[in-house]
Amino acid sequence: MYILAPSLLAADFNILGQQILETQKAGAKYLHIDVMDGVFVPSISFGMPLMKSIRGTSEQFFDVHLMITEPERYLKEFVECGADGITFHLEATGCAEKAIEEIHALGVEAGISIKPGTPVEAVYPYLDRVEMVLIMSVEPGFGGQPFMPEAYQRIRQLRDYIDERRLPVKIEVDGGIGKKNVREVIDAGADICVAGSAVFKKRSISVNISRFMKAFKEKEEKNRCSDGKDRQK
């Protein structure tokens, strides 16, 4: 099953609660919450108070992406504010193993992310301990950037490595995903697609999300057909 994770960075904060409910009704199972500290990345975004205020609005999975230095300092607080999964950047900490252990000890899913310039192989040692790997397809820190085409090969490389070892790890991709490239992103091996502008801008949220859902359904049907052919051989 493929999952859409609308990124709140692109939402209209004047009507945030309303827009969150719209994403949920339209079928988005996750909400992607980017936390930026102005140190690890140039921008500063929202944090714990916002998460706490919207937790009661949504039943969606709160997919918290920490783009902050030394993320292990705040894991407990983010869980207390409603995180269902916490993803931290490998480049932001020297204690990745400890961070993963602490996230799991707090009772939520652990994810690890890498910037476009970090080799995919850098996450291999952690794949038996995390539920998800987040491949950035833009430089983290700003919304609205175009998708980096080189990300396709990085997604395929990680997908092959995970599948060969039959690891139960999801691949999430974040940055520049929209109706024009979502099929290529999931064909490369993504399970979860983060989308901001493509969900919250231009047309209505429900219409925008329906485009993703159509692509996901087509891919799932294609996968079922392929599985049926394999069983017949």
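Morning, everyone. Keep in mind that this is a predicted model.

Let's start with S4. The strand covers residues 85-89. How many of its residues are buried? The count is 5 of the 5, so S4 is largely enclosed by the rest of the structure. Now take the faces. In a regular strand, side chains alternate between the two faces of the sheet. In S4, Gly 85, Thr 87 and His 89 sit on one side. Ile 86 and Phe 88 sit on the other. Both sides are covered.

Next, the strand's partners. S3 and S4 run parallel, joined by 4 bridges. Within S4, Gly 85 stands opposite Asp 63. To get from S3 to S4, the chain passes through H3, and that β-α-β crossover is right-handed. Then comes S5. S4 pairs with S5 over 5 bridges, again in the parallel sense. Phe 88 has Ile 112 of S5 as its bridge partner. S4, H4 and S5 form a β-α-β unit, and this unit is right-handed.

On to helix H1, residues 16-25. Which of its residues are buried? They are Leu 16, Gln 19, Ile 20 and Thr 23. Looking down the axis of H1, you find these buried residues within an arc of 105°, so they line one face of the helix. After H1 comes Gly 27, with a positive phi near 110°.

Now the salt bridges. The structure has 10 of them. I'll show a few.

Begin with Arg 129 and Glu 97. Their side chains form a salt bridge at 3.1 Å, N to O. The two are 32 residues apart, and the pair links distant parts of the chain. Glu 97 is in helix H4, residues 96-105. Arg 129 is in the loop between S5 and S6. Arg 129 also bridges to Asp 128, with the closest N and O atoms 3.3 Å apart. That gives a network of Glu 97, Asp 128 and Arg 129.

Are these residues buried or exposed? Asp 128 counts as exposed because its relative accessibility is 58%, and the cut-off is over 50%. Arg 129 is partly exposed, at 33%. Glu 97 is partly exposed too, at 43%.

The next bridge is Arg 183 with Glu 218, where the closest N and O atoms are 3.1 Å apart. Arg 183 belongs to H6 and Glu 218 to H8, so the pair ties together parts that are 35 residues apart in sequence. Arg 183 is partly exposed, with a relative accessible area of 31%. Glu 218 is partly exposed at 35%.

Last topic: backbone angles. Most residues other than glycine have a negative phi. Here are two non-glycine residues with a positive one.

Glu 70 has a phi near 50°. Where does Glu 70 lie? It is in the loop between strand S3 and helix H3.

Arg 166 has a positive phi of about 55°. This residue lies in the loop between helix H5 and strand S7. Arg 166 counts as exposed, at 76% relative accessibility.

That's my set. Thanks.

Key: Residues numbered from 1 in each chain as written. Predicted model: local features only at pLDDT ≥ 70, side-chain atom pairs only at ≥ 80, totals over all residues. Heavy atoms only, no water. Buried < 20%, exposed > 50% of the residue type's maximum accessible area, 1.4 Å probe, protein only. Arc of directions from axis to C-beta. Salt bridge = Lys/Arg side-chain N within 4 Å of Asp/Glu carboxyl O. Pairing = 2+ DSSP bridges. Right-handed = clockwise from strand over helix to strand, strands pointing away.
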